[in-house]
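Please open the model in your viewer and keep the selection tool at hand. The tour below goes from one selection to the next and says what to look for at each stop.

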Amino acid sequence: MIELQGVTAGYPGREVLHQVSLDFVPGRVVALLGPNGCGKSTLLRAADGLLPVSGGQVLLDGVPICRCAPRQIARKIAYLPQSRPVPNITARRMVLHGRFPHLSYPRRCRTEDYDAARQALERVDAADIAGRLLPELSGGQRQKVYLAMALAQDTETVLMDEPTTYLDVRHQLEVMALARRLAEQGRAVVLVLHDLCLAMRSADEIALLSEGRLVRRGTPETLYADGSLSRVMGVSLGRAASGDGWRYYYE
């Protein structure tokens with residue numbers, strides 16, 4: 001489990017997060033919401049140990065993450081960043097990179113690693129592009145490959161920064177359904193999203209940030225009822241009952 005305890009973090013000359021305390025519990029989907037520049041991506045980088053904190057601490061299973069080796073972190077946390085380089089390799093080879101934390105030196109993939117990569121590509125509906133080079137793929141296809149790489153890593157926590165970027169509506173819904181299945185398997189799933197309605201429909205909890213501070217945390221229903229989401233995001237949401245829960249929409 002990841003715990004942020006009074007975390008302050010940022011970049012040279014610019015503090016972005018201010019004393020944020022938050023935990024990511026196995027079996028739950030948490031959506032990080034907030035205006036552009038509020039610190040959502042910075043929070044994920046700090047939670048994964050990629051960004052040193054200047055105050056407070058990040059704990060990974062009770063141990064300060066700054067004391068954990070990168071390989072140890074990678075076996076417990078899969079992190080899908082907002083953007084990444086596009087190497088001239090096949091989709092299958094990219095997904096196999098998710099298996100690297102589980103390999104000893106030299107990194108020679110085993111049968112089980114190829115099986116994990118194949119299954120991950122199937123789970124994101126990308127098995128048909130396994131042999132194609134990444135530069136040849138569309139943005140949406142590449143996004144599915146990166147999602148598959150995170151799945152192949154097979155970790156207890158999955159951090160995803162805008163995973164629905166470039167995806168059409170059907171595949172956005174599939175990503176959120178996948179997030180739910182991962183949580184049901186006992187993983188902690190954390191997503192930065194910009195589609196409020198998608199987040200409200202799919203997340204167990206919302207963590208709402210503004211100007212680098214955590215201003216509210218609770219269920220979607222709680223944040224809707226108290227108006228905090230509308231105040232921070234500057235939009236008006238409505239909702240309607242459906243057969244499987246509330247459906248939220250922009251008014």
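**Stop one: strand E7**

Select strand E7, where both faces are covered: Thr-157, Leu-159 and Asp-161 on one side, and Val-158 and Met-160 on the other, are all buried, buried meaning under 20% relative accessible area, exposed over 50% and partly exposed in between, with a 1.4 Å probe and protein chains only. The model is a predicted one, in which local features need pLDDT of at least 70 and side-chain atom pairs count only at pLDDT 80 or more, while totals for chains, interfaces and linings use all residues. Residues are numbered from 1 along each chain as its sequence is written, and side-chain values use heavy atoms, with hydrogens and water left out. Helices (H or I, at least four residues) and strands (E, at least two) are DSSP runs, numbered from the N terminus.

Strand E6 runs parallel to E7 and is joined to it by 4 bridges, with Ile-77 having Thr-157 as its bridge partner. Strand E8 (residues 188-192) also runs parallel to E7, joined by 5 bridges, and here Asp-161 has Val-192 as its partner.

Just after H5, look at Asp-154, which takes a positive phi of about 55 degrees.

How do the axes of H4 and H5 cross? They come within 8 Å and cross at roughly 135 degrees, axes being lines fitted to C-alpha atoms, for helices over the stretch in contact, with angles running from 0 to 180 degrees between N-to-C directions. H4 and H5 are therefore oblique to each other, since angles under 35 degrees count as roughly parallel, over 145 as roughly antiparallel, 65 to 115 as roughly perpendicular and the rest as oblique. To see the contact, show Ala-116, Ala-117, Ala-120, Leu-121 and Arg-123 of H4 together with Ala-148, Leu-151 and Ala-152 of H5.

**Stop three: the open sheet**

Move to the open sheet of 4 strands, whose order is E2-E1-E4-E5 with antiparallel pairing. Strand E2 (14-24) and strand E5 (63-64) stand at the edges, each with a single partner strand, so one side of each has no neighbour in the sheet. Helix H1 (residues 40-47) packs on this sheet, touching E1, E2 and strand E4 (53-60), and its direction makes about 65 degrees with that of E2. Strand E1 (residues 2-11) pairs with E2 over 7 bridges, and Leu-17 in E2 is the bridge partner of Ala-9.

**Stop four: a hairpin and a loop**

Select strands E9 (residues 205-210) and E10 (residues 213-218), which pair in the antiparallel sense over 5 bridges, with Ile-206 opposite Gly-218. These strands form a hairpin with 2 residues between them, and Glu-211 in the turn has a positive phi of about 50 degrees.

Finish at Arg-107, in the loop between H3 and H4, which counts as exposed because its relative accessibility is 55%.

Notes:
Two strands pair if DSSP finds at least two bridges between them. Contact means heavy atoms within 4.5 Å.
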